[in-house]
Amino acid sequence: MAEQGVGARLLRKEDDRLMRGRGEFVADIRLAGLQDVAFVRSPLAHARIRGISIPPQYKDSVFTAADLDGVKPIRAVSGLPGFKISEQPVLATDKVRQVGELVAMCVGRTRAEAEDIAASVELDLEEMPAVHDMLEARGRGSALVHEHWGDNIFLETFVDVNIEKALDAPIKVTREIRTARQSMAPLEGRGVVASWSSRLEQLTVYSAAQMPHINRTGLSGCLGLDHGNIRVISPDVGGGFGYKGILLAEEVCLSWLTMRRGHPVRWIEDRREHLTAGANCREHHYIITGYADRDGRLRGIDCEATVDSGAYSSYPFSACLEAAQVASILPGPYDFEAYRCKTWSVATNKCPILPYRGVARTGVCFAIELVLDAIAREAGLEPHEVRFKNLVRPEQMPFDNITKKHFDSGDYPEALRRALAHFDVPALRTRQAKGEPDGRLLGFGLSIYCEQGAHGTSVYAGWGIPMVPGHEQATARVTPDGGLELRVGVHSHGQSLETTLAQVAFEILGIDTSKVKVTLGDTAITPYSTGTWGSRCMVMAGGAVASACREIEARARQIGASLLQVKTEDVKFADGRVVSATGDVSMEDIARAWYLRPQDLPADVHRGGLEATVGYKPERDSGTFSYAAHAVTVAIDPELGDVEILDYVIVEDGGKLVNPMVVDGQIYGGLAQGIGTALYEEMPFDNNGQPLATTFADYLLPGPTEVPEPRLDHIETLAPYTEFGVKGIGEGGAIAPPAAIANAVNDALKGLGAELLCSPITPRRVLISIAAAKLRRASAAAPAGTRS
Amino acid sequence: MKPVNFAYERPRHLDDAIGLLADQTAHTKVMAGGQSLGPMLNLRLVQPDLIIDITALDQLKHAEKLRDHVVLGACVTHADIEDGRVPDATNGAMRAVAAGIAYRAVRNRGTVGGSLANADPSADWVSALSALGAEAVLRGAGGARILAVEAFVTGALETALGANELLEAIRVPAQSASAQWGYYKVCRKTGEYAQAIGAVLLDRPRDVFRAVIGATERKPLVLSDARALFDGSCDLAQFDRGATDAMLQSSGMTDALDRQIHTVAIARAVRQAAGA
């Protein structure tokens, strides 16, 4: 049998349908009597609603908040002390608080007709000052997004660990660092098809969702409907990245509408809605100071971090997860003694900020890695020298860092050494000093991060948000022909779980992966789960599948031994067969006995048969720590500000890799998104809170020609607490690139005295920075009295 | 994002198409490849009563080489030019420009006439054809008229096309074998609209020295006599960045970095033309 188990580079089972265009996404679903929905959305960022006027011919096709009897607003409360609660009405009531907020729902026979109806609805809005800048919004005198709060602060956090010990450090560098607001851009947007069955008394909601069980819980709360009356099905999903982990007001609206109207209804998000009203993420601001000794030893970090959380707290992650996480993860993989961090989650009149692959890690990695390079420049050291001085060392593992994060295992300096080994740094320095023949400037940059994955109850109970992951369950069921069905509550939208979970089952039961059917994404037939987020699926669902398969193995051994007429303790399970000293039986034989020939079973056979649902948690659920070192060379065109990536190396440690090819795919995809964050993606707003990138002509994503093929290298340090030693790796590729690329850019520009401290690093920002540095040099060089 | 309801006609004869344009009460849009108009319809930025699809007009797909120029029907696609399926008289300049337009999928459908008639300042043909000294053939009920491309494009998204005129063809003059050509486009990434375009053509035997600075917020700056940028000479080595910057400033480009990238674009086009 070919290699199929844990560690095999198996081709993906799901590719046959997905690569041939035979997937079934929400927009592919056709139900009899289906009608389409378009929404009237707020054209203003902040306004009081004075009136909504609906042409008489459309009275029965347009619905507003006044129609939504008994529907409750979306509330995502955090238990962190001081958190202020926002209520997001699913259709706006008295006020609109962001451009694109839903005001009225219009239903037509086609989407075009629904859009015609929506265009005929007139809004009478009284515009209010828009809260568009998170720093201004923190101050007194700002307009208020939620007036009754008295300010715009969802949550403030503060941590201080001996910062006074660092203050006498000889090196002190302070930087103001920003990451732009972005829009995560899965190929498929959101979409909902909702229908009501009077036979089952059940609402079925097809939704492009990462966390269908959480959607069901959220819908149940908003609609006042029992869980049993709701089924959420998430079919094929074309990428999630966090956006599809959120309960949308649109899902609540369509659920209500199908129950009101009796026929199925559909809303498929278009890209303008996606960019301007739905998917926003990443907007951070830091004022950060690094204290260090002359030899590069980091003494402490002091930081004030602000996150633009947007208008509402999103369900289930809440408005504060991002900023509050900043405080706990900013130290990254570094060991130092003094730390202070203050954070603000600020409400503004923009889309709610949503968790995007890497969540706060991409921002904090950017902040601390840029500061480490600034320290290196100040100390006259190579960036890697400063990192070697401060990285947590393998002999410290397991290691509890300054914010009590528990690093489970790993050799961080080794990752950096191996990344550096791909380059000849002294030769790069010589070439850099000489200058490129075409006039471009060469730069070399590094970044290192750690990615906490699959963190569970002990971590999330503390956040107090509506969702706390517990035991992850899997159902394993042998079929009468000796195949296997797996039912798992997480979902797969690019993660390849149909393949990798089958590999885990093969590892235990030896059932050929082609005979393993993995079912995901349906609340009616999968165990409850918080779903797919936080790099958790391989650890949690993989562990659950392994546990369920072990239970099946035990039961198969009992039946097999009986068929072989020996004692259960005298058989072993190998290669999918139960083997005794004298003979063996296959899983097919065993399944036939249980399902079709029960007369052959022993009297005391386990009554659970060949079906088992088993829950799993790692021995310790504080999370797995995967990590990587990224190293990159860039060339900058100083006349145009253009940054070209010349070479990109990633050395990654994800523990045991269930399918190395899938892991490489995750890293490639993450890198593409990281390059987007670093160089291209930005969702700007004007002072009226209007989003300015409304199509992909304005919101630039990296394409095939902008993403180089990286050189990948793996370290495999087994996780001590998980099944097989696996670690979550889903997000890492997107975390480190902005920092590595920015450091390379700053390395290239250091000779000019220019430094870039915000993402994305656009050509214009590069040119501005070069021009500003030139002015500084000129004014410094000019003798007194000669300035003009 | 679905268009409003509109009527759709796909005439077989040029006269029928021009006849359809005659109804002045209807808001009519002509569609060739639809690569710009399609998205604008879906975004409802354009809400026409009637779309006239001109892709069934064989005349508009015709291309031929005449004595001193090549005629390209308006519906010749970028890919037709890129792949050499139509004659070329520009020593490959047209092919190279075509190959750099957007993505292959766009080039397969997008047309030279559609792009020019859309007159987006950051589109390639607006600048490239101006630099090549090409002409536009406009067909109306009363016959045809011919305008230099720089006269055809009157502003950003504005042309000299009359309400019942159709852009029928482009005439691209034949170059001498020794003609020197440079074209440089500044783009954020492959396939995006340009942020700056520089183009220069020096064809001494024909006594042609043209330069274009395009992808500005208005129609491109076209110098039918480029010597002003070369210290009064026809020597590509004499390119004068200061004079270029001053000209951009007087043309209303107030942002210094905008002027910088446009100056760099034309400087690099000049370097290309000089074979440096």
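Helices (H or I, at least four residues) and strands (E, at least two) here are DSSP runs, numbered from the N terminus. This is a predicted model, in which local features need pLDDT of at least 70 and side-chain atom pairs count only at pLDDT 80 or more, while totals for chains, interfaces and linings use all residues. Residues are numbered from 1 along each chain as its sequence is written, and chains are lettered from A and ligands numbered from 1 in the order in which they are written.

**Chain A overall**

- Chain A has 18 helices and 29 strands.
- The radius of gyration, taken over C-alpha atoms, is compared with a globule rule of 2.2 Å times the number of residues to the power 0.38. For 788 residues a compact globule would come out near 28 Å, and chain A agrees, with 28 Å.
- Along the principal axes, the C-alpha atoms of chain A fill a box of roughly 105 × 75 × 50 Å.
- A residue is called buried if 20 or more other C-beta atoms lie within 10 Å of its own, exposed if 12 or fewer, and partly exposed in between, with C-beta atoms placed from the backbone. In chain A, 57% of the 788 residues count as buried.
- Two residues are in contact if their C-beta atoms, placed from the backbone, lie within 7 Å. Of the contacts in chain A with a separation of 6 or more, 80% come from residues 24 or more positions apart.

**Domains of chain A**

- Domain bounds come from an automatic or database domain assignment. For chain A, that assignment gives domain 1 (285–457 + 620–776) and domain 2 (471–616).
- The C-alpha centres of these two domains of chain A are 41 Å apart, and their contact takes 17 residues from domain 1 and 16 residues from domain 2.
- On the domain 1 side, strand E18 (441–453) and helix H16 (660–680) of chain A are the elements that give two or more residues.
- For residue classes, Ala, Val, Leu, Ile, Met, Phe, Trp, Tyr, Cys and Pro count as nonpolar, Asp, Glu, Lys and Arg as charged, and the others, Gly among them, as polar.

**Where chain A meets chain B**

- Here 17 residues of chain A are in contact with 14 residues of chain B.
- Helix H2 (111–120) and helix H18 (763–781) of chain A each give two or more residues to the chain A side, and H2(A) has the largest share, with four residues.
- By class, the chain A side has seven nonpolar, two polar and eight charged residues.

- Strands pair if DSSP finds at least two bridges between them. An open sheet of three strands in chain A runs in the order E22-E23-E24, with antiparallel pairing.
- Its edge strands, each pairing on one side only, are E22 (572–574) and E24 (584–586) of chain A.
- E22(A) and E23 (577–579) of chain A share three bridges, and A:Ala574 has A:Arg577 in E23(A) as its bridge partner.
- Axes are lines fitted to C-alpha atoms, for helices over the stretch in contact, and angles run from 0 to 180 degrees between N-to-C directions. Helix H14 (537–564) of chain A lies across E22, E23 and E24 of chain A at about 55 degrees to E23(A).
- Helix H15 (587–595) of chain A lies across E23 and E24 of chain A, at about 70 degrees to E24(A).

**Domains of chain B**

- Chain B is divided into domain 1 (7–53), domain 2 (58–173) and domain 3 (180–273).

**Backbone spots worth a look in chain A**

- A cis peptide bond links A:Met397 to A:Pro398, with omega about -10 degrees; A:Pro398 is in the loop between helix H9 (383–390) and strand E16 (399–400) of chain A.
- Another cis bond runs from A:Ser759 to A:Pro760, with omega near -5 degrees.
- A:Phe241 is not a glycine, yet its phi is positive, near 65 degrees; A:Phe241 is buried, with 26 other C-beta atoms within 10 Å.
- A:Ser318 also has a positive phi, about 75 degrees, without being a glycine; A:Ser318 counts as buried, with 30 C-beta neighbours inside 10 Å.
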